[in-house]
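Let's take a walk through this model together, beginning with a pair of helices and then moving on to the pockets.

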Amino acid sequence: LTDRECWKEHMMLNLETGVDPADIRLRAAQGFEAADYFMANYWVFGKIIENLADLGYSPSEMTMEPYDWRLAFPLLEKRDGYLTKLRHTIEAMHKTTGKKIVL
């Protein structure tokens, strides 16, 4: 984050294609750690995850599904198969837990 030009270059999308520029591959981090805390003491979803755990939810009953917020959903599907993977994750969670799925 200290090199602003490098950060900007990696965050920008190709103006013609709408996806990553050539030779740059930026993807969302995965798992609970991707969104619990931004930096030490700056929580994003950390408190929510902790409160759900206090209510009895375990990691096998919850999932965090981060995505590349820079892209439109059709491009996410084309580039990463994101929506297809998300559907399979939701269906598998329902099948393994036998519980109603809440998004």
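Helix α3 (residues 73-80) packs against helix α4 (residues 82-97) at an angle of about 85°, and their axes lie 6 Å apart. Because of that angle, α3 counts as roughly perpendicular to α4 (the range is 65 to 115 degrees). Axes here are lines fitted to C-alpha atoms over the stretch in contact, with angles from 0 to 180 degrees between N-to-C directions; helices are DSSP runs of H or I with at least four residues, numbered from the N terminus.

This is a predicted model, in which local features need pLDDT of at least 70, side-chain atom pairs count only at pLDDT 80 or more, and totals for chains, interfaces and linings use all residues. Residues are numbered from 1 along each chain, and side-chain values use heavy atoms, without hydrogens and water.

Which residues bring the two helices together? From α3 come Phe73, Leu76, Glu77 and Asp80, which meet Tyr82, Leu83, Thr84 and Lys85 of α4 (contact means heavy atoms within 4.5 Å). By class, this contact has four nonpolar, one polar and three charged residues (Ala, Val, Leu, Ile, Met, Phe, Trp, Tyr, Cys and Pro are nonpolar, Asp, Glu, Lys and Arg charged, the others polar).

Helix α4 turns up again at the largest pocket, where it gives the most to the lining, with six residues. That lining divides into 16 nonpolar, three polar and four charged residues.

Notes:
Parallel < 35°, antiparallel > 145°, perpendicular 65-115°, else oblique.
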